[in-house]
Amino acid sequence: MRVRHKPWAKGKLDRHSDIVVQSPRDCNGEWHDEFHREAPLHVEIGSGKGRFITGMAKKYPNNNFVGIELHESIIVTALDRCLDEEIENVRLINEDARGLTEFFAEDEVDALYLNFCDPWPKNRHEKRRLTYSTFLAQYEYVLKKGGILHFKTDNQALFEYSLESFSKYGFTLQNISLDLHHARVKDNVVTEYEEKFSEKGQRIYRCEAISSE
Ligand code: SAH
């Protein structure tokens, strides 16, 4: 996602530590304390400007949502959405998702969302793809047994790679769609990238991968 550098973003994120969690490692195993309630925990990786996570939070007020986004100039827009819409069941982490198993305890997460992550098309960059086996190991660790990883992309090559990667790793696949917007799917919350790509007529691929351990 190409975004103008916002030098003021860091200060704004720091000022809203009630939403942007400053020490996510301290919440490990205790996210319900951060939300002041016990509720299913749903986590989005690479949440961008937050359209999806805020949409999900409004649609499912009984769940707790955490969005992880690397870039402060991007996540600050997600913060604005939470503030403008007075959303109380979202927390944001401005860090690299590689820290996932430091932020969340084993079996702490009920569902994970991975939307339109970078395809890293070159073979030599395979390890950077967020569906590479080292990431899947982290997803499996934090997800409860039977927990679902929800994956969407516009990139056919990444989708095919990811299906193979999930299944090699031992995830069970379900609800595979090769053209999400032309399938009769209810309850799809659209992301920023999804809107952009589907407006251009590109297909959206979707699948769910279930953790067995
Ligand atoms: N999910 C959003 C944005 C997709 S672009 C949407 O569908 O519209 C991918 C996003 O993931 C970018 O905002 C990028 O900064 C973020 N990202 C990429 N690698 C990441 C990582 N390792 N940890 C956290 N965020 C990451």
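Colleague: Does Trp120 count as buried, partly exposed or exposed, and at what relative accessibility?

Modeller: This is a predicted model, in which local features need pLDDT of at least 70 and side-chain atom pairs count only at pLDDT 80 or more, while totals for chains, interfaces and linings use all residues. Residues are numbered from 1 along each chain as its sequence is written, and side-chain values use heavy atoms, with hydrogens and water left out. As to the classes, buried means under 20% relative accessible area, exposed over 50%, and partly exposed in between (1.4 Å probe, protein chains only). Trp120 has 28% relative accessibility and therefore counts as partly exposed.

Colleague: Where does Trp120 lie, and what is its phi?

Modeller: Elements are DSSP runs numbered from the N terminus: helices are H or I with at least four residues, strands are E with at least two. Trp120 lies in the loop between strand 4 and helix 6. Its phi is near 40°, a positive value in a residue other than glycine. Glu86 likewise is not a glycine and has a positive phi of about 50°. Glu86 belongs to the loop between helix 4 and strand 3 (90–93), and it counts as exposed because its relative accessibility is 67%.

Colleague: Which residues does the UniProt annotation "binding site" cover?

Modeller: UniProt positions are given in the numbering used here, feature names are shortened, and annotations may be inferred rather than shown by experiment. According to the unreviewed entry, the annotation covers Glu44, Glu69, Asp96 and Asp118. The lining of the largest pocket takes in Glu44, Glu69, Asp96 and Asp118 from this set. A pocket is defined on a 1 Å grid over the protein atoms alone: it is an open set of points with protein on both sides within 12 Å along at least five of seven lines, whereas a cavity is a set where a 1.4 Å probe fits but cannot get out; lining residues have an atom within 4 Å of a point.

Colleague: What is the volume of the largest pocket, and which residues lie nearest its centre?

Modeller: Grid points are joined across faces, edges and corners, and a volume is the space filled by probe spheres set on the points. For the largest pocket this is about 670 Å³. Of its 30 lining residues, Gly46, Glu69, Cys117, Asp118 and Leu130 lie nearest the centre. Strand 1 (41–45), helix 3 (51–59), strand 4 and helix 8 (192–199) each give at least two residues to this lining. By class, Ala, Val, Leu, Ile, Met, Phe, Trp, Tyr, Cys and Pro count as nonpolar, Asp, Glu, Lys and Arg as charged, and the others, Gly among them, as polar. The lining of the largest pocket has 14 nonpolar, 7 polar and 9 charged residues.

Colleague: How many residues line the second largest pocket?

Modeller: The second largest pocket is lined by 17 residues, with Tyr113, His150, Asp187, Arg206 and Glu208 nearest its centre. Two or more lining residues come from each of helix 3, strand 4, strand 5 (143–153) and strand 7 (205–210). Its space is about 280 Å³, and its lining divides into 8 nonpolar, 4 polar and 5 charged residues.

Colleague: Are Glu69 and Asp118 buried or partly exposed?

Modeller: Glu69 counts as buried because its relative accessibility is 8%. Asp118 is partly exposed, with a relative accessible area of 45%. Glu69 lies in the loop between strand 2 (64–68) and helix 4 (72–84), and Asp118 in the loop between strand 4 (109–115) and helix 6 (133–142).

Colleague: Which residues does Glu69 touch, not counting those up to four places away in sequence?

Modeller: Contact means heavy atoms within 4.5 Å. On that basis Glu69 touches Gly46, Ser47, Gly48, Ile74, Ile75, Ile93, Asn94 and Glu95. A polar contact is a pair of N or O atoms within 3.5 Å; within protein, one must be able to donate a hydrogen and the other to accept it, and residues adjacent in sequence count only if both atoms are side-chain atoms. Here the backbone nitrogen of Gly48 lies 2.9 Å from a polar atom of the Glu69 side chain. The C-alpha atoms of these two residues, Gly48 and Glu69, are separated by 6.1 Å. Gly48 is in the loop between strand 1 and helix 3.
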